[in-house]
Amino acid sequence: MHAITAQEQAASAPRSRLGVRLEVLTTPAGVVSLEATDDHRIKVHAGPPVRGSCGAHRFLYTRGDVDVLPAGYSDVWEEDDAGTSLILRLPASLLRRAATDTGRDPDAAGLDPRHQVKDPQIEHIAWALDAERMAGYPSGLLYTESLGLALAVHLLGRAAAPARLPRGLSKQQLRRVTAYIEEHLDRNLSLDRLAGVAGISASHLKTLFKRSTGVPVHEYVVQRRVERARALLVRGDMPASQVAIEAGFAHQSHMARCMRRVLGVTPSALAGRSPAR
């Protein structure tokens, strides 16, 4: 029997205080071992089906099967086939923060090990993070932080906060947050920073901002960036590549994708148009 230690290929994701880190785990057939770490890990099977065994138990993993590996947990199993999985790494501090925001005792915030479960929400977050990774993380911290926080809250369960949340941000909070976004559209905005501007937790900002505006905060930022890019393209005094930077997009093709999705037009269709009089 040939034993190997699985090598986790870390992606260069944006650094974040709220982030979940995505790694790609590829293993040849044989014994696979995951050493204990300080992070909680969620393993999502992402490749073709894999047969294998853990002790006397035989298994068949298919796309989307989820393992939950708490901090300090190690695991060893044998695979008959080569495998590919996504590993979502959550710092213990992120789980504690999510627990505080949802009215739980952060000292009791932990996960139980689970194997080969189906969880559509975890799958959705995993595929979204992987798509973002493969695109080179164009959406920045705000998007990955939102996904990480959503994953942490989901893993802890739907615990209600001790007090009912208001219907939305106050007028002053919404004005401060939207003004900060406008002023810093060309920056890599952070959910944590926007929550600080509003004076509330990041989890509450996610909920209250959507209640106030009808869209998630990261989508609102995309829409404002698209509108700024539209105005700059219509003005026609700078190349599209520079417009993308000024509007806060990662690059020109990222701007084009977002513009097609939001406005239904391409940057080239807007460039050089005369402003409406």
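This is a predicted model: local features need pLDDT of at least 70, side-chain atom pairs count only at pLDDT 80 or more; totals for chains, interfaces and linings use all residues.
Figure 1. The chain has 277 residues, and 46% of them count as buried. Look at the contacts between residues with a separation of 6 or more, and you'll find that 73% of them come from residues 24 or more positions apart.

**Figure 2. A look into the second largest pocket, with a volume of about 510 Å³.** Its lining has 28 residues, and the closest to the pocket's centre are Glu132, Pro138, Ser139, His254 and Cys258. Which helix gives the most to this lining? That's H7, with five residues. At least two lining residues come from each of helix H2 (120-134), helix H3 (140-156), helix H7 (217-235) and helix H9 (252-263). Sort the lining by residue type and you get 15 nonpolar, six polar and seven charged.

Figure 3. A disulfide is a covalent bond between the sulfur atoms of two cysteines. The count of disulfides here is zero. Cysteine 258, one of the residues closest to the centre of the second largest pocket, is buried, with a relative accessible area of 8%. Cysteine 54 is partly exposed, and its relative accessible area is 36%.

**Figure 4. Arginine 225 in helix H7.** Is this arginine buried or exposed? Its relative accessible area is 8%, so it counts as buried. Setting aside residues up to four places away in sequence, arginine 225 touches Leu185, Arg187, Leu189, Ala247, Gly248 and Phe249. Take leucine 185 as an example: it sits 40 residues from arginine 225 in sequence, yet the two C-alpha atoms are 6.6 Å apart in space.

**Figure 5. Leucine 185 in the loop between helix H4 (171-183) and helix H5 (191-198).** Leucine 185 is buried, with a relative accessible area of 0%. What does it touch, once neighbours within four places in sequence are left aside? The contacts of leucine 185 are Val221, Arg224, Arg225, Arg228, Ala247 and Gly248. Arginine 228 is 43 residues away along the chain, and its C-alpha atom is 8.8 Å from that of leucine 185. Ala247 and Gly248 turn up in the contacts of arginine 225 and in those of leucine 185.

**Figure 6. Arginine 89 and aspartate 39, joined by a polar contact.** Arginine 89 belongs to strand E9 (residues 83-90). This residue has 15% relative accessibility, so it counts as buried. Its side chain meets the side chain of aspartate 39 in a polar contact of 3.1 Å.

**Figure 7. Glutamate 145 in helix H3.** With a relative accessible area of 1%, glutamate 145 is another buried residue. Where does its side chain point us? Follow it to aspartate 192: the backbone nitrogen there lies 3.4 Å from a polar atom of the glutamate 145 side chain.

**Figure 8. Aspartate 107 in the loop between helix H1 (92-101) and E10.** Now for a residue at the outside: aspartate 107 is exposed, with a relative accessible area of 63%. Its side chain and that of arginine 96 are joined by a polar contact of 3.0 Å. Aspartate 107 and arginine 96 are eleven residues apart along the chain, and 7.2 Å separates their C-alpha atoms.

**Figure 9. Glutamine 116 and tyrosine 137, each with a positive phi.** Most residues other than glycine have a negative phi. Glutamine 116 isn't a glycine, but its phi is positive, at about 50 degrees. You'll find glutamine 116 in strand E10 (residues 114-117), and it counts as partly exposed at 29% relative accessibility. Tyrosine 137 has a positive phi near 55 degrees. Tyrosine 137 lies in the loop between H2 and H3, and it is buried, with a relative accessible area of 11%.

Key
Residues are numbered from 1 along each chain as its sequence is written. Side-chain values use heavy atoms; hydrogens and water are left out. On a 1 Å grid over the protein atoms alone, a cavity is a set of points where a 1.4 Å probe fits but cannot get out, and a pocket is an open set with protein on both sides within 12 Å along at least five of seven lines; lining residues have an atom within 4 Å of a point. Grid points are joined across faces, edges and corners, and a volume is the space filled by probe spheres set on the points. Helices (H or I, at least four residues) and strands (E, at least two) are DSSP runs, numbered from the N terminus. Ala, Val, Leu, Ile, Met, Phe, Trp, Tyr, Cys and Pro count as nonpolar, Asp, Glu, Lys and Arg as charged, and the others, Gly among them, as polar. Buried means under 20% relative accessible area, exposed over 50%, partly exposed in between (1.4 Å probe, protein chains only). Contact means heavy atoms within 4.5 Å. A disulfide is a pair of cysteine sulfur atoms within 2.5 Å. A polar contact is a pair of N or O atoms within 3.5 Å; within protein, one must be able to donate a hydrogen and the other to accept it, and residues adjacent in sequence count only if both atoms are side-chain atoms.
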